[in-house]
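User: I would like to go through this model feature by feature. Please give the general idea first, then the case at hand.

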Amino acid sequence: MLSRVAESLYWMSRNVERAETLARILDVNYNRTVDRNAAGRERAARIWRSVFDMAGISADVELLEGASLASAAFERCTFSTEYRTSIVSCIRIARSNALSVRAELSTEVWECLNGLYLFVEAQSPRSVAREGPSSFLRSVRDTAQAFGGIVDATVSHDDEWNFLQIGRYLERAAMTARILRNHDFSDDSAHEWQRLLEMCCASEPFAKAQRLSSDPNEALAFLFLHRSFPRSIRFCTHEVDRALHRISETAMGAYSNEAERVTGRLQAMLDFVQIGEILDEGGDRFAARFAERADAIGSSIQSSYFPRVPVG
Amino acid sequence: MQPLLDEYPLLDFFDEFADELGVPRAHYAGLAATLRSIDITEFRHRVDLVNSVLLQRGVTFTVYSDSRGTERILPFDLIPRIVPSGEWSLIKRGIAQRVMALNAFLGDIYGPQRILHERRIPAEMVFSSKFYNREMIGFRVPRDVYIHVSGCDLIRGRDGTYYVLEDNLRTPSGISYVLENRDVLKRSFPRLFENYQPLPVDDYPRRLLDALRHSAPAGVSDPVVVLLTPGIYNSAYFEHTVLARRMGVELVEGSDLLVHDNIVYMKTTKGLQRVDVIYRRIDDDYLDPLVFKADSTLGVTGLMNAYRAGAVGIANAVGTGVADDKAIYPFVPEIIRFYLGEEPILPNVPTYDCTDDPQRRYVTSHLDELVVKNTNQSGGYGMLMGPSASAAERARFKEAIEASPRDFIAQPIIPLSCHPTIVGETLAPRHIDLRPFVLLGDQVDVPPTALTRVALTDGSLVVNSSQGGGSKDTWVLDD
């Protein structure tokens, strides 16, 4: 498969995943901060500062103008085109990647993403404001999730799909890490935990797994290290590792390039670390360190498979 | 209920649908009955549905004059154009004959140049062509095929005669619309479609791939074919993706390829992979910065050397443009006689050669009756429609013709035939042309895939997509 195609597939997948996670993060937090009386402005500002960090948006929350802080912050994270990480930007980037590999994509995959693009492009802050962001965010999330399903169901599970998997899970691991990095580990109030779980789409799976445990450490262990929850950092890293090995056909546990070495080392650490050790280091610090390593995996995939200098 | 077909006005042109008395022609009777039974509002609804499907699918083209490079859907008119089998067999023979003759012409002018030595066409017409490629002189292309794919433009005059307007031997586009239009129309009129049983179009990609594989270098038994595109901003990018996908070949950009020791490779995640045939959809000038435009980033450095070394097939061959130079066009009937010893089956449109003094004088003094075309441009760009042009435009063309006569030809305005077309809430006659495609592999192949373009503006004779044209599904009937 062409290196350029692999690269476009990888970025397409990352950007759709990011839009999906971001839509959920915004939905969860908008609903928690829009209520002016209950939530103090200071708490709302703190929440939106953390959301901006998750979203990779460097604006100052204090300087936002608009009817309400929640709406202004939502607009910035959704429609701002000066950041490559807003929902609109992510979908534009994903769609432009899809366009450049249009010949490789199944018609279903293309139509799903093009439909999402046309839907988002047709929206504006004003049109969304009419019924509130929730249904808009829901549509983005649903379509982005459907996209993943359509990919799995219509693309042959060979290299093309493997690169899509890498993009999807690397981005997901990084987003979970960014969410955890912004969690206040000193605040063990129930609504903070609930907010954290919801941003990671984990509140129901966690409740089911833990039978209503209220131990905050159990929730953290779930998000960091759960073996089968599809958004835990460990699970996502494992999926990246497996996809890399399927591409190179190297045995799991061994490596044939830098991407596999970096990923494998991280995987081993996550397989054997205990939640107590993570908390001793500080959950937010551990998450921040993981996010950096996820970036390193990204760079090593770039240099192993999509080298900038011409091959040969 | 307000039927879609009620009063259909006849204009003073040949109408595909109805005869001079307004009675639908035999092969249109079934369609006429259907149109009489459909309600206008319901039909509008169908049209909207179709347009949203096309947009969602991304069946779009890019308009260059628009600075934002806007993607638009090619307006698709739901009323199909029907070509009866008798007419199709004439067209088929006529265009196959032209392509065979022009292919022989190319082999000759880049080889022994018999036709020039025998003074059957003026040598300076060939050598002065911007598209005559000196790199190709003395090089024998794989299997002697130059014109793997072509798509000539046919029009019908007032008496219904088919004329060849242009040969389009470089990178003619439009086939993707044939494939997509058929798909959409089948869903919109399943019953009508079933009754007519037009010849299927969907094996075009396989037939194209056959022709392309044939142009592989000798000795390659299972050639790797790629489609080379200029990229996502090209107006025909959508078409490139459709063809690559349906042929199952890689769609590559110039930067995906490299030449090492005269072998062409593509850069893959598993290293370099050899390429045997390039179906290129970029112009000669951009193919190889070493030989042509040095600043081109669309091409592949060293490609021409690999080609000349016989290591790769290129379709269409480099240098085919000279045979569809508008200034060579008037000589095509002579080219057919010279190489095939046959009379042309399909006539040319009468054409004035501006390098000839008396003809040029006639042209410059009758600009208000003629259409003038720049021989270096295509796609409806650089054209003067005399009767509708302003005095200033005509003056500008007159000056340009006097300054460089070789760059212009002029033709009388052929009154293109009309076809019922959806205009707002009614059916109205609009001018159309026909672009069938010819494939040349181990033999000449004319698939029943033709694009009908329609000038949507009232009275307009310009059908190009860049100039406000649309398209129709074209049903070729079997016996």
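User: What percentage of the contacts in chain A with a separation of 6 or more is between residues 24 or more positions apart?

Analyst: Two residues are in contact if their C-beta atoms, placed from the backbone, lie within 7 Å. In chain A, residues 24 or more positions apart account for 69% of the contacts with a separation of 6 or more. This is a predicted model, in which local features need pLDDT of at least 70 and side-chain atom pairs count only at pLDDT 80 or more, while totals for chains, interfaces and linings use all residues. Residues are numbered from 1 along each chain as its sequence is written, and chains are lettered from A and ligands numbered from 1 in the order in which they are written.

User: How many helices and strands are there in chain A?

Analyst: Helices (H or I, at least four residues) and strands (E, at least two) are DSSP runs, numbered from the N terminus. Chain A has 15 helices and zero strands. Its radius of gyration, taken over C-alpha atoms, is 19 Å, close to the 20 Å that the globule rule (2.2 Å times the number of residues to the power 0.38) gives for 312 residues, so chain A is as compact as a globular protein of that length. The C-alpha trace of chain A spans about 65 × 50 × 35 Å along its principal axes.

User: Which residues of helix α3 of chain A are buried?

Analyst: A residue is buried if 20 or more other C-beta atoms lie within 10 Å of its own, exposed if 12 or fewer, and partly exposed in between; C-beta atoms are placed from the backbone. In α3(A) (residues 69-79), Leu69(A), Ala70(A), Ala73(A), Phe74(A), Arg76(A), Cys77(A) and Thr78(A) are buried. These buried residues pack against α1, α2, α4 (87-100) and α7 of chain A. Over chain A, buried residues make up 45% of the 312 residues.

User: Which domains does the assignment give for chain A?

Analyst: Domain bounds come from an automatic or database domain assignment. Here the assignment gives domain 1 (1-155) and domain 2 (156-312) of chain A. Their centres, taken over C-alpha atoms, are 21 Å apart. The contact takes 24 residues from domain 1 and 22 residues from domain 2 of chain A. On the domain 1 side, α1 (3-33), α2 (41-55) and α7 (133-154) of chain A each supply at least two residues, and α1(A) gives the most, with 16 residues.

User: At what angle do α1(A) and α9(A) pack?

Analyst: Two packed helices are described by the angle between their axes and the distance between the axes. Axes are lines fitted to C-alpha atoms, for helices over the stretch in contact, and angles run from 0 to 180 degrees between N-to-C directions. α1(A) and α9(A) (residues 190-199) pack at about 150°, with their axes 8 Å apart. They are therefore roughly antiparallel to each other; angles under 35 degrees count as roughly parallel, over 145 as roughly antiparallel, 65 to 115 as roughly perpendicular and the rest as oblique. Arg24(A), Ile25(A), Val28(A) and Arg32(A) in α1(A) meet Arg195(A), Glu198(A) and Met199(A) in α9(A).

User: How many residues does each chain give to the contact of chain B with chain A?

Analyst: Chain B gives 22 residues and chain A gives 20 residues. On the side of chain B that touches chain A, the largest share, four residues, comes from β10(B).
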